[in-house]
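Below is a short briefing on one structural model. Please look over the sequence and the coordinates first.

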Amino acid sequence: MGADLDAILRRVVAGEIRLTRRDLLRAGLSASAAAALLAACGGTSVSSPPTQTSTSSGSASPAARATTSAGLSATPQVTSGPLKLVLAQSSEPSTLDPQFEQSGIIGTYLNAMQEHLMEFDRQLAIKNVLAETSQQPTDGLTYRFKLHPNMKFWDGTPVDANAVKFTYDRALNADNRKKGLSDPVPTLQGVDHVNVVDPLTVEVVTAKPSTLAWPFFCQEFVLAPQYYGSKSFDQTAIAPMGSGPWKFVSWAKGDQLQMTANTDYWRGKPQIDTLVFRTVPDSSTRLALLQRGDADIIGDVNPDDAPVIQADPKFRLESALTTFRVHIGVPCNQPKWKDRRARTALNYAINVDNIIKFVLGGFPKERLRTPVITPGWPNPNIKAYTYDPNQAKSLLNAAGFDWTQPIKLYTTSSGGMKRLDVAQAIVADLQKLGMKAQVQVLDSTVYTSKLKAKEFDDLYIGQLGAPSYGPVEVALPTGDLGLDSTHFIDATQNGPTYLNLYQQVRTTFDDAKQHDLVNQLQALFMEESPWILLYREVYLFGVNKRTDWKPTEYTRIHFWLPGEQDTHIIG
Amino acid sequence: MSLMQTSSAGALGARQETSRTGGRALLRGLLRNRLSLTAALVLLTLILAGLVVPFVSHADPTATNLPDRFRGPAWVAGGSSAHVLGTDGLGRDVLVRIIYGARISLTIGFVAALIAATLGVPLGLLAGFYGGAVDAVIMRLADIQLGFPSILLYISALTVLQPSLWNMILILGIAGWVIHARLVRAQALAQRQMDYVDAARAMGASNTRILARHVLPNVLAPTIVIASFSVATFIITASSLSFLGLGLPPSTPDWGLMIADAMHYIRIAWWPSTFAGLALSLTVFGVNVLGDWLRDYLDPRLRIDS
Amino acid sequence: MLQYVVRRLLLSVLVVFGVSLVSFGLMFLSGDPASALAGDNWTRAQIDEFRHQMGFDRPWYVQYGEFVAHAVRGNFGTSLRQHRPVFELLMERMPATLELTGSAFLLSLCLSIPIGILSAARRNSVYDRAAMLFALAGQSMPVFWVGTMLILIFAVRLQWLPVAGRGGLDHLILPAIALGLFPVARNARVVRSSMLEVLGADYVRTARAKGLPGSRVLLRHAFKNALLPVVTLFGLDIGYLLSGAVITESIFAWPGVGRLTVDAVLGKDLPLVEAAVVVLAGGFVLINLLVDLLYGVLDPRVRFQ
């Protein structure tokens with residue numbers, strides 16, 4: 001607690017100095033702003049435990065934190081202007097309305113501006129954010145959340161039970177869905193209705209008991225009822241409203257999104273005054289931006305460029321293992337892959353370790369052992385496969401494999417780290433074995449259509465992510481999370497058993513029983529091998545050492561995780 | 001990018017005399033011009049390498065060897081004589097890929113140019129010779145084709161047909177017909193009014209015969225020149241599509257694809273993109289020089305003061 | 001003259017209509033937009049419902065008819081991915097595109113004509129050889145290679161110019177050069193050969209024989225006539241620049257229409273693709289109409305019928 005108070009005091013002092021100076025220019029509001037800041041920071045002590053990163057932020061004196069626009073001017077300046085941080089990513093969301101956008105990229109944008117009831121932390125554990133307390137159902141149906149008091153959206157309206165109810169009602173409204181609103185969360189959770197118990201207590205009630213519901217509370221941004229209730233969809237698409245640490249300023253599509261610090265933020269004022277997200281499609285250009293000091297963080301770094309970043313003392317390389325499981329999907333309903341031994345053989349046939357080491361620069365760390373990755377949930381008895389072409393050959397021969405038939409490996413050209421190179425390396429391994437294999441590149445929309453329509457007639461590279469929670473992860477091969485074609489487990493011998501056990505885990509809320517079932521399901525999955533597990537997708541970031549920002553495993557880009565300090569500029 | 005050289009077409013008149021000069025004169029002219037000779041030799045070497053090496057060598061342009069990736073050229077530290085021009089991101093031999101790539105890249109350029117001319121010349125002849133409704137329909141089609149932002153046309157057509165070498169060639173070729181059609185139409189219009197056409201008609205020659213025997217030979221020379229220029233354009237366009245991830249299957253040893261792919265690691269390994277780029281540039285250079293020379297040769301007015 | 005313009009405008013409408021029909025057909029053939037637009041978490045029942053709601057299950061001519069009926073009233077519809085009026089989306093990006101293509105066009109105009117004229121005037125000189133070597137090289141380098149190299153040299157190594165993005169004039173230099181290099185190189189060659197052709201013509205020789213100064217012959221007589229094919233070429237260049245900018249925009253993170261449209265094609269955002277194609281084709285057709293009119297001004301022999 002002492003360290004906590006210490007950290008807060010330091011931030012207040014630092015913040016006050018910066019604030020007064022800037023406000024002197026604006027002439028006027030300095031006193032009240034400083035007071036507001038004090039009040040806001042006081043509020044954080046309840047929810048922000050000391051952080052691992054506070055050592056680095058603590059060592060920075062106000063003078064050292066002065067912005068020198070990333071090393072361009074060598075002379076250190078004592079004046080501390082507004083602190084600005086620029087992040088460059090390869091793509092941007094097509095809309096900023098979270099209930100309209102389906103791509104994963106929107107989370108990386110909105111995490112700075114909007115908040116969930118709960119959030120995954122760095123260890124993939126679920127932590128409260130807007131919720132002060134959260135409770136799993138005792139009746140299997142009712143999820144109860146008590147919200148922090150005194151939280152406000154930027155327009156001053158309260159973040160309360162009514163806002164949670166509004167969020168779900170908006171997402172479930174049939175008229176809205178006709179207009180293209182496509183938020184999958186309430187449907188996946190099976191939400192029936194939302195009860196406002198009192199202004200700060202809200203109950204989300206599902207129609208049927210389902211263990212799927214719980215982690216998805218980390219995925220539904222709570223919306224401001226007044227704003228989202230009065231604006232049209234083409235307005236909310238370009239200008240979000242939220243309760244988060246940074247406020248939306250402007251968005252030039254295809255170029256950049258600007259945000260400014262929310263001085264009234266309920267966890268305290270963030271240190272970074274201006275946050276800019278730039279859209280830069282070309283990876284070489286992004287690296288050039290980092291090198292020039294025009295960007296502080298760049299995403300989607302090509303692993304081949306990693307040594308360039310590592311060799312430069314101004315930068316550091318950060319990698320985040322994501323929850324995407326990269327795998328080869330095997331259509332078990334096709335004659336050539338119907339025999340389980342043929343699928344098992346593929347596990348031995350591909351030198352995954354070599355692919356990880358050479359093609360992916362060693363960043364995915366290790367070959368994926370089971371489809372479940374959340375700490376505490378993987379079945380400890382399952383061993384990872386090792387490369388053994390002879391074993392593969394004899395298994396294939398035992399399965400009566402026809403070596404003359406053509407084998408295709410479908411993939412998209414984009415959508416993962418070095419995906420095309422990985423596909424080529426896999427096919428090269430299959431060719432070495434004696435298969436007539438080749439890579440077939442599909443346009444990403446064609447690929448997705450095929451995936452969804454269950455039309456793949458041969459191997460394909462896939463990647464599937466799920467909220468980190470054992471009972472949800474075993475749902476991936478069942479189609480319960482959508483994409484019902486990606487699994488093909490139902491075509492296997494043990495398919496019915498798998499689906500049966502899975503139904504049990506969906507309605508079992510007892511922790512020990514859940515673990516037991518999840519373990520059984522993993523064993524069944526590995527036995528049938530409807531996927532050849534490869535590795536966890538990695539995102540690489542190049543980071544200017546002036547900031548202490550670190551990526552996270554689940555959301556990748558977050559500037560203020562629960563239980564931590566906000567991202568700082570330290571040099 | 002299919003809109004190339006339309007007006008170098010305009011700069012070309014119909015040269016009745018040129019098509020009669022014969023192959024020997026052509027060769028003699030070539031030997032006199034040092035630049036063109038060099039270009040021709042470079043092209044010939046690449047074509048020969050692309051044709052012969054795959055038959056006499058066992059090297060595999062798609063064979064990967066991961067631990068051997070990013071090996072520099074033989075004269076650079078870390079390079080080895082096993083890979084004279086180094087290896088790429090999957091440990092494939094750059095030299096082998098460039099030699100095999102000659103076949104692919106030149107096929108793209110030449111076959112697409114051939115398709116474009118085969119489609120464009122007859123359509124242009126018909127439009128110019130018959131005029132009226134035929135002309136109107138064909139020329140409106142040409143306008144539509146020109147008005148369509150070409151890269152969008154390629155991209156949407158490739159998503160319909162699925163990317164492959166022959167689909168790419170087909171799309172590039174089909175989209176390239178307009179230049180030929182426009183040029184040939186203008187020539188045919190002019191020829192239609194010529195006395196010899198009237199004479200032929202008076203002697204009872206059919207339209208088909210007049211077209212084939214009299215008009216076609218006279219429009220052939222500019223067509224060949226335009227085609228030679230578009231070879232280069234097609235190769236470059238194909239590489240641009242590869243850069244956008246829409247081109248050929250990833251292991252294809254195509255120069256454009258090699259450059260596009262190697263641009264992603266240019267800071268780590270400069271050699272794959274540089275050598276593939278050199279090969280591409282040399283070819284485009286060679287084809288252009290030959291095209292220039294061909295035009296100078298087929299266009300006697302340009303030789304007046306030289 | 002007026003009659004000619006009206007007739008050409010009507011034909012332009014026909015052409016734009018044709019372009020929109022072709023692109024609609026291609027988009028229709030390229031697969032089911034419903035499953036492409038659906039989120040990863042959607043079940044098949046949800047996708048089917050969505051397809052029906054959006055009307056993608058109707059025959060193509062009904063869908064196209066609906067598009068045309070709305071488009072002629074100026075309503076191009078709402079983007080399926082961005083959920084905003086597509087015309088608004090296009091107009092937002094238009095300034096950036098005009099800035100980039102305009103400056104690349106100016107670059108090609110201001111460089112290729114002098115280079116070409118000088119080359120022709122001093123045929124076979126060292127200057128001519130160097131200029132034509134440059135022109136050939138400029139035509140043989142893919143734009144993505146040129147763009148990346150420009151960034152590595154001028155932005156990263158020398159730090160003279162900004163890396164990417166849209167901003168002040170300094171941001172414009174590298175992308176304009178990358179995009180303009182090809183037309184500069186190609187047009188320089190065309191200007192040269194066009195000039196050479198005219199220089200060999202009788203009236204120029206007559207003018208020379210009359211003892212008119214060389215520079216005057218060159219500009220007054222030769223260049224004016226050599227300009228005709230060049231003007232046509234510049235008209236066609238607009239088409240190349242508008243669509244060819246896609247790669248330049250990607251490399252320099254330039255927020256233009258090209259990238260927007262390509263993303264729309266790949267993302268099956270039908271209304272956006274249609275609107276973009278109509279706007280781009282319309283612009284192209286109009287510019288070429290202007291070029292043809294200019295042609296008439298330059299060459300009185302051309303009569304508008």
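What percentage of the 571 residues of chain A count as buried? The share is 53%, where buried means that 20 or more other C-beta atoms, placed from the backbone, lie within 10 Å of the residue's own. The model is predicted, with local features needing pLDDT of at least 70 and side-chain atom pairs counting only at pLDDT 80 or more, while totals for chains, interfaces and linings use all residues. Residues are numbered from 1 along each chain as its sequence is written, and chains are lettered from A and ligands numbered from 1 in the order in which they are written.

**Chain A: overall make-up**
- Chain A has 20 helices and 16 strands; these are DSSP runs numbered from the N terminus, with helices being H or I of at least four residues and strands E of at least two.
- Among contacts in chain A with a separation of 6 or more, 70% join residues 24 or more positions apart; a contact requires C-beta atoms, placed from the backbone, within 7 Å.

**Chain A: the sheet**
- An open sheet of 10 strands runs in the order S8-S9-S10-S1-S11-S16-S12-S15-S13-S14, with mixed pairing; two strands pair if DSSP finds at least two bridges between them.
- Strands S8 (246–252) and S14 (436–442) of chain A each have a single partner strand, so one side of each lacks a neighbour in the sheet.
- S14(A) pairs with S13 (residues 406–412) of chain A in the parallel sense over 7 bridges.
- A:Tyr410 stands opposite A:Gln440 of S14(A).

**Chain A: helix H14**
- Helix H14 (residues 352–359) of chain A has as its buried residues A:Val352, A:Ile355, A:Ile356, A:Phe358 and A:Val359.
- Helix H16 (419–433) and strand S16 (531–544) of chain A are included in what covers those buried residues.

**Chains B and C: the interface**
- Contacts link 48 residues of chain C with 45 residues of chain B.
- On the chain C side, H10(C) gives the largest share, 12 residues.
- That side divides into 32 nonpolar, 14 polar and 2 charged residues; Ala, Val, Leu, Ile, Met, Phe, Trp, Tyr, Cys and Pro count as nonpolar, Asp, Glu, Lys and Arg as charged, and the others, Gly among them, as polar.

**The largest nonpolar core**
- The largest nonpolar core holds 347 residues, of which A:Leu409, C:Met195, C:Ala276 and C:Ala281 touch the most other members; such a core is a set of buried Ala, Val, Leu, Ile, Met, Phe, Trp, Tyr and Cys residues joined through C-beta atoms within 7 Å.
- Apart from neighbours within four places in sequence, C:Ala276 is in contact with C:Leu90, C:Val257, C:Leu260, C:Thr261 and C:Ala264.

Terms used
Buried ≥ 20, exposed ≤ 12 C-beta atoms within 10 Å, placed from the backbone. Contact = placed C-beta atoms within 7 Å.
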